[in-house]
Amino acid sequence: MAAAPIALASGRLLAVRRAVAAVFAVHGAVTGSFATRVPWVQEHVGASPGQLGLALAFPAVGASLAMPLAGRISHRFGARRALGTLLAMWTLSLLLPVLAPNLPALCCALFVFGASAGMADVVMNALGVDIEEGLNRPIMSGLHGMWSVGALSGSAGGTVAAHLDVDARAHLAAAAVFLTLLGLTACRGVTDLRSASVGDPPPRFALPPKSALVIGAVGFCAVFAEGASLDWSAVYLRDVLGTSPGLAAASTTAFACTMALARLIGDAVVSRFGAVRTVRLGGMSATAGGALIVGAAHPAMAVVGFALIGLGIAVVVPLAFAAAGRSGPAPSQAIAGVATITYTSGLVAPSAMGTVAEATSLTGSFALVTVLALGLVVGAGVLRSAERPTGTAPLPDPA
């Protein structure tokens, strides 16, 4: 039997929402910080591009295997303690990859890195769903927007450190300590929003429920488009359209910026149009963007196309988590199932894009992305449980 939600005053719920938003930002900052030092890690362990690609698959493997454990951890220790512990594991594990002396050690470090990230991800998203239910209005897109803000902030800090030639071990040690303190401070404002569970705890490891598989399929389409755009957008402009490196990089920037902006304003859009209509409109935007990329005769068309994909897929994963959290009696288990599927999508997208490009062309790869974006239009109805029930009014923000 599932735990019962705890009723809190709206002011207290809003304070918890701010604390969880800070947690999302810290989580994203770890990802952004690490991403900037991947070249240093590659050089340090002497990995070839192929070996590095193999190593970078281990975070997704670790996350996929560990996320189903998060529900039991949260059940046993409470969401607040579980989140504080798992978030600290994630921030401190930022040091592991740069301390690895060789490729096998790097793979092990990245496995732990991904496992801690995935478990913290499940707990903080489950808390977000609980807060959203208490406030009776969408907040998940905004929380994921804060994750994007954190990722951009961590990336900016890492870029400065790399430009100043700061040793990656010193940079990430300082980042790990700072983000750990920031994360623990944020977790002090978190409250357990579900009472002690009644009955048996969730299993130590469980396959995703059927509802999560259906919802996760929609998330799979969005995350595949995200991974393909982030990893291949600059390559597409350089190799297919013959642009300069600066303009090629602009396509990635356009994608990341529109995605972050759309997430920050996404809650207002979902409140106005509902989850299903929002995802359908987003799917249309992403499909149009993919078609622009495939048919681009000028680099500007492709840049606009990537911006439209970022705009279109931005709110899909937050809404998928929200729908999963309301799809059954075990929110953490359902969210873990959706998260596992989306992480798997991020794992297979880069290699799938490369395989299709070798068999056909890079244009053919983005034709596949366009088809998956169209899948968002077709499958949006499965996210209906992410919508706020009709007849309920959202609680107001304090003045």
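Helices are DSSP runs of at least four residues, numbered from the N terminus, and in this predicted model that numbering places Asp 165 in the loop between helix 9 and helix 10 (168-187). The backbone of Asp 165 has a phi near 60°, a positive value in a residue other than glycine. Most residues other than glycine have a negative phi.

Asn 136 is found in the loop that runs between helix 8 (103-135) and helix 9 (140-163). The relative accessibility of Asn 136 is 24%, and this residue therefore counts as partly exposed, since that class lies between the limit of 20% for buried residues and the limit of 50% for exposed ones.

Attention now turns to the surface. A nonpolar patch is formed there by Val 149, Leu 261, Leu 264, Ile 265, Val 269, Phe 273, Leu 281 and Met 284, which together have about 670 Å² of accessible area. Two elements, helix 12 (245-273) and helix 13 (275-294), are those that give two or more residues to the patch, and helix 12 gives the most, with five residues. Leu 261, one of the patch residues, lies in helix 12, and Leu 261 counts as exposed because its relative accessibility is 54%, a value to be read against the cut-off of over 50%.

Notes: Residues are numbered from 1 along each chain as its sequence is written. This is a predicted model: local features need pLDDT of at least 70, side-chain atom pairs count only at pLDDT 80 or more; totals for chains, interfaces and linings use all residues. Side-chain values use heavy atoms; hydrogens and water are left out. Patches are made of residues with over 30% relative accessible area and no salt bridge: like charges are joined within 9 Å, nonpolar side chains (Val, Leu, Ile, Met, Phe, Trp, Tyr) within 5 Å. Accessible areas come from the Shrake-Rupley method with a 1.4 Å probe; for residues, only the protein chains shown count as cover. A salt bridge is a side-chain nitrogen of Lys or Arg within 4 Å of a carboxyl oxygen of Asp or Glu. Buried means under 20% relative accessible area, exposed over 50%, partly exposed in between (1.4 Å probe, protein chains only).
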